[in-house]
Amino acid sequence: MIVVAGEALIDLVPQGAGALAALTPALGGGPFNTAVALGRLGSSTAFCSRVSRDAFGEALLERLRATGVEVSSVQRGAEPTTLAVATVAADGSAAYSFYVEGTADRLFTEPEALPAGTRAVSFGTCSLVLEPGASEYEAMMREASARGVFTALDPNIRAGLIPDADAYRARFRGWLPSVSLLKLSAEDAEWLGGSPREWLAAGPTAVVVTQGGDGLTVFTREGAEYAVPGERVTVVDTIGAGDTVNAALLHGLAERDALSDEGVAALGAEGWESLLGFAARAAAITCSRAGAEPPYAHELEPQAL
């Protein structure tokens with residue numbers, strides 16, 4: 001079981017140019033997208049969050065169930081669902097503004113226990129920023145790591161939600177001793193400061209940096225560095241691409257029985273290049289269609305793990 005912890009929200013995606021373009025609601029949130037992608041790839045997955053009882057919340061849970069994701073750990077609340085208004089640039093890249101005051105997901109509380117059979121827990125995005133839930137997710141991360149559970153972190157920086165950048169950067173560095181796998185974009189890495197080697201020295205076994213269409217690079221605690229190019233594709237938008245990479249990495253590690261520090265350390269050049277290539281192909285499929293629509297396992301079968 002891979003548990004994904006974090007927010008589920010609604011992306012409002014413009015259907016044309018200009019500030020007053022019509023907006024279409026789409027199911028989203030980095031952790032939500034990661035859980036859906038894991039379910040579509042065939043991993044045993046559970047989602048751990050707090051979701052509104054409104055119509056948007058019901059739609060979010062329906063998508064998770066339809067994808068085979070376990071939702072028994074999801075807390076419910078009467079507060080509204082968080083909204084993220086997306087702006088899509090000419091190259092398909094997306095930026096967001098958020099409506100988060102008084103919403104359900106930020107009132108998450110740490111569960112008493114993880115689902116039975118949990119092998120890994122993934123964290124990231126808005127849920128580690130917005131209090132009081134952020135501290136609860138942080139406590140969950142530290143507890144899981146202390147129990148020997150493989151922990152993955154994708155900061156997925158949304159700078160507009162972070163009131164004190166320096167305080168967040170310090171908090172990020174404080175998470176690293178509890179992180180097994182750190183995955184982040186080159187833009188996130190630049191915003192956070194530091195380097196993969198500095199972050200590895202603080203705790204993670206591996207750091208994966210994504211460079212959009214230019215591919216992915218992994219840096220390992222043993223001092224190795226492996227890279228693969230991106231898959232060429234006609235980009236519709238990049239919504240959910242990083243979340244797909246996150247899911248593909250976790251799925252691939254699970255398939256290799258490598259959801260442990262020892263398993264990650266044993267991958268070597270061939271293992272990492274195969275895993276990174278798989279993640280790049282999965283992300284390319286997501287980018288080739290509108291919204292966060294990660295691939296199913298059968299769409300990757302010709303070049304399967």
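# Exercises on helix packing, cavities and loops

Within this predicted model, helix 1 contributes Gly30, Asn33, Thr34, Ala37, Leu38 and Leu41 to a contact with helix 7, where the partners are Asp243, Thr244, Asn246, Ala247, Ala248, Leu250 and His251.

**Exercise 1.** Describe the packing of helix 1 against helix 7, beginning with the classes of the residues in contact.

*Solution.* 
Step 1. The contact of helix 1 with helix 7 divides into 6 nonpolar, 6 polar and 1 charged residues.
Step 2. Two packed helices are described by the angle between their axes and the distance between the axes.
Step 3. For helix 1 and helix 7, the angle is about 45° and the axes are 8 Å apart.
Step 4. Helix 1 is therefore oblique to helix 7.
Step 5. The crossing of helix 1 past helix 7 is right-handed.

**Exercise 2.** Determine how helix 3 and helix 4 are oriented to each other, and state which residues meet.

*Solution.* 
Step 1. Helix 3 and helix 4 (residues 165-175) pack at about 20°, and their axes lie 11 Å apart.
Step 2. Angles under 35 degrees count as roughly parallel.
Step 3. Helix 3 and helix 4 are therefore roughly parallel to each other.
Step 4. From helix 3, Ala134, Ser135, Glu138, Met141 and Arg142 meet Arg171, Gly174 and Trp175 of helix 4.
Step 5. This contact of helix 3 with helix 4 has 3 nonpolar, 2 polar and 3 charged residues.

**Exercise 3.** Find the cavities of 30 Å³ or more in the whole structure and describe their linings.

*Solution.* 
Step 1. The largest cavity has a volume of about 40 Å³. Helix 1 (30-41), strand 9 (120-124) and helix 7 (241-255) are the elements that give two or more residues to its lining.
Step 2. Among the residues lining the largest cavity are Gly30, Thr34, Asp243 and Asn246; these four also take part in the contact of helix 1 with helix 7.
Step 3. By class, the lining of the largest cavity holds 3 nonpolar, 6 polar and 2 charged residues.
Step 4. The second largest cavity has a volume of about 30 Å³. Strand 5 (residues 50-52) gives the most to the lining of this second cavity, with 3 residues.
Step 5. The lining of the second largest cavity includes Ala8, Leu60 and Asp105, and its residues divide into 4 nonpolar, 3 polar and 2 charged.

**Exercise 4.** Describe the volume and the lining of the largest pocket.

*Solution.* 
Step 1. The space in the largest pocket amounts to about 1200 Å³.
Step 2. The lining of the largest pocket consists of 48 residues; Ser185, Glu187, Thr238, Ala241 and Gly242 lie nearest its centre.
Step 3. Elements that each supply at least two residues of this lining include helix 1, helix 7 and helix 9 (268-287).
Step 4. By class, the lining of the largest pocket has 20 nonpolar, 17 polar and 11 charged residues.

**Exercise 5.** What is the phi of Thr125, and is the peptide bond from Glu131 to Pro132 cis or trans?

*Solution.* 
Step 1. Most residues other than glycine have a negative phi, and most peptide bonds are trans.
Step 2. Thr125 has a phi near 65°, which is a positive value in a residue other than glycine.
Step 3. The bond from Glu131 to Pro132 is cis, with omega near 5°.
Step 4. Thr125 is placed in the loop between strand 9 and helix 3, and Pro132 is found in the loop between strand 9 and helix 3 (133-146).
Step 5. Thr125 also belongs to the lining of the largest cavity.

How values were computed:
Residues numbered from 1 in each chain as written. Predicted model: local features only at pLDDT ≥ 70, side-chain atom pairs only at ≥ 80, totals over all residues. Heavy atoms only, no water. 1 Å grid on protein atoms, 1.4 Å probe; cavity = no way out; pocket = protein on both sides within 12 Å on 5 of 7 lines; lining within 4 Å. Points joined across faces, edges and corners; volume = space filled by probe spheres on them. Nonpolar A, V, L, I, M, F, W, Y, C, P; charged D, E, K, R; others polar. Axes fitted to C-alpha atoms, helices over the stretch in contact; angles between N-to-C directions. Parallel < 35°, antiparallel > 145°, perpendicular 65-115°, else oblique. Left-handed = near helix turned anticlockwise from the far one by under 90°. Contact = heavy atoms within 4.5 Å.
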